[in-house]
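Colleague: I have a structure open and would like to learn how to read it. Could you take me through its features one at a time?

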Amino acid sequence: MTVDLNTKAKNTWCPGCTNFMILTAFKNALTELINEGKIKKDKVVVGAGIGCHGKIADYVNVNSIISLHGRVVPTMTGVKLGNPDLTAIAFSGDGDSYAEGMEHLVHASKRNSDIKLFVHNNQVFGLTTGQVTPTSKKGYKGKSTPGGSIEEPINPSLVMLSSGATFVARAYTGDMVFLMQVMKKAILHKGFAHLEIIQPCISFADTRDYFKEKVYQIDSNLPKNDLKWAMEKVQEMEKIPLGIFYEVDKPTFEEQL
Ligand SMILES: Cc1ncc(C[n+]2csc(CCOP(=O)(O)OP(=O)(O)O)c2C)c(N)n1
Ligand SMILES: [Mg+2]
């Protein structure tokens, strides 16, 4: 069955932005899950933070709410508590979630709130035209760091594993089919799911050549319930692993409340 997820909103992302890959992967993931009878379109709610990523809420024809910068996670916590039947999917940016929204993120993860969080990690504040974020590489030269960032970046997947997230995964916009497959699994996960989507920002942090050489997919048949292994794996830097590192079944915040 054709599921029409298009909207009439004018798209204002830069031509060639990797957000188009995330948008397409997401629409395909939703279409397949709806057609497979696993989710219902009218029960899906998309939340978004503020940033280039946040515009995605305007481009997918499902229920949606645009939050404040850094506040999509608590907003979706409320949405899910108010109506636990909803499939709550939040889109955020590396600035949105890992800077201003970090404390919300850690606590939602610890609670195992039944929210799926897809973070567009372009290692830059994109919408505000190129300032350093917690995931910017050391040496990154942008508007707020003209001499190069002197800080080491954080590793979001590691933070999520140590905070209690029950689904921790990483994907790259260069492989849209793989991204879609991981999105589908995250959406079906019961509990807090964190999907870090590595994406080059073609305008302010063009990392296309860097990531193309670095990323690889882990063996999808490996057991996913080994926290120690997952914590070690996500810290690999020489080559950057992609896939679902950790996935366990635990009671959610909403179930227990
Ligand atoms: C409370 C608040 N703080 C700061 C801002 C300014 N602001 C808007 S978008 C943005 C950067 C967003 O960066 P990121 O979350 O990485 O998203 P991207 O644009 O890269 O997709 C900032 C700092 C704001 N709108 N509201
Ligand atoms: Mg960003």
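Modeller: Start with one residue. Glutamine 123 is found in the loop between β4 and α6 (156–163). Keep in mind that this is a predicted model.

Colleague: Is glutamine 123 buried or exposed?

Modeller: The test is a count of neighbours: 20 or more other C-beta atoms within 10 Å make a residue buried. Glutamine 123 counts as buried because it has 25 C-beta neighbours inside 10 Å.

Colleague: Where is asparagine 112, and what is its phi?

Modeller: Asparagine 112 sits in the loop between α5 (102–111) and β4. It has a positive phi of about 60° although it is not a glycine. With 23 other C-beta atoms within 10 Å, asparagine 112 is buried.

Colleague: How do I read the chain as a whole?

Modeller: Begin with its elements, then its dimensions. The protein chain has 10 helices and eight strands. Its C-alpha trace spans about 50 × 45 × 30 Å along the principal axes.

Colleague: What does the radius of gyration of the protein chain agree with?

Modeller: The value is set against that of a compact globule. For 257 residues such a globule would have a radius of gyration near 18 Å, and the protein chain has 17 Å, so the two agree. Of the 257 residues, 44% are buried. Among contacts with a separation of 6 or more, 70% join residues 24 or more positions apart.

Colleague: How do I read a helix such as α7?

Modeller: Compare its span with the expected one, then see what it packs against. Helix α7 (residues 176–188) has 13 residues and reaches 18 Å from its first C-alpha to its last, close to the 18 Å expected at 1.5 Å a residue. Its buried residues are Leu179, Met180, Val182, Met183, Lys184, Ala186 and Ile187. They pack against α1 (19–35), β3 (87–93), β4 (115–121), β5 (167–172), β6 (193–198) and β8 (240–247).

Colleague: Which residues of the largest nonpolar core touch the most other members?

Modeller: A nonpolar core is a set of buried nonpolar residues joined through contacts. The largest one here has 54 residues, and Ala90, Val168, Ala169, Met183 and Leu195 touch the most other members. A second, separate core has seven residues, including Val124, Phe125, Tyr140 and Cys201.

Colleague: What does valine 168 touch?

Modeller: Leaving out residues up to four places away in sequence, valine 168 touches Ser157, Met160, Leu161, His194, Ala230, Phe245 and Tyr246.

Colleague: And where is methionine 76?

Modeller: Methionine 76 lies in helix α3 (residues 72–82). It counts as buried because it has 28 C-beta neighbours inside 10 Å. Not counting residues up to four places away in sequence, methionine 76 touches Gly47, Ala88, Ala90 and Ile115.

Colleague: Last, which residues come nearest to ligand 1?

Modeller: Read the shell by its members, then by their kinds. There are 20 residues around ligand 1, and Gly51, Gly93, Gly95, Asp96 and Gly126 come nearest. Helix α4 (residues 94–100) gives the most to this shell, with four residues. By kind, the shell divides into six nonpolar, 11 polar and three charged residues.

Terms used. Residues are numbered from 1 along each chain as its sequence is written. Chains are lettered from A and ligands numbered from 1 in the order in which they are written. This is a predicted model: local features need pLDDT of at least 70, side-chain atom pairs count only at pLDDT 80 or more; totals for chains, interfaces and linings use all residues. Helices (H or I, at least four residues) and strands (E, at least two) are DSSP runs, numbered from the N terminus. The radius of gyration is taken over C-alpha atoms; the globule rule is 2.2 Å times the number of residues to the power 0.38. A residue is buried if 20 or more other C-beta atoms lie within 10 Å of its own, exposed if 12 or fewer, and partly exposed in between; C-beta atoms are placed from the backbone. Two residues are in contact if their C-beta atoms, placed from the backbone, lie within 7 Å. A residue is near a molecule or strand if its C-beta atom, placed from the backbone, lies within 6 Å of it. Ala, Val, Leu, Ile, Met, Phe, Trp, Tyr, Cys and Pro count as nonpolar, Asp, Glu, Lys and Arg as charged, and the others, Gly among them, as polar. The expected span of a helix is 1.5 Å times one less than its number of residues.
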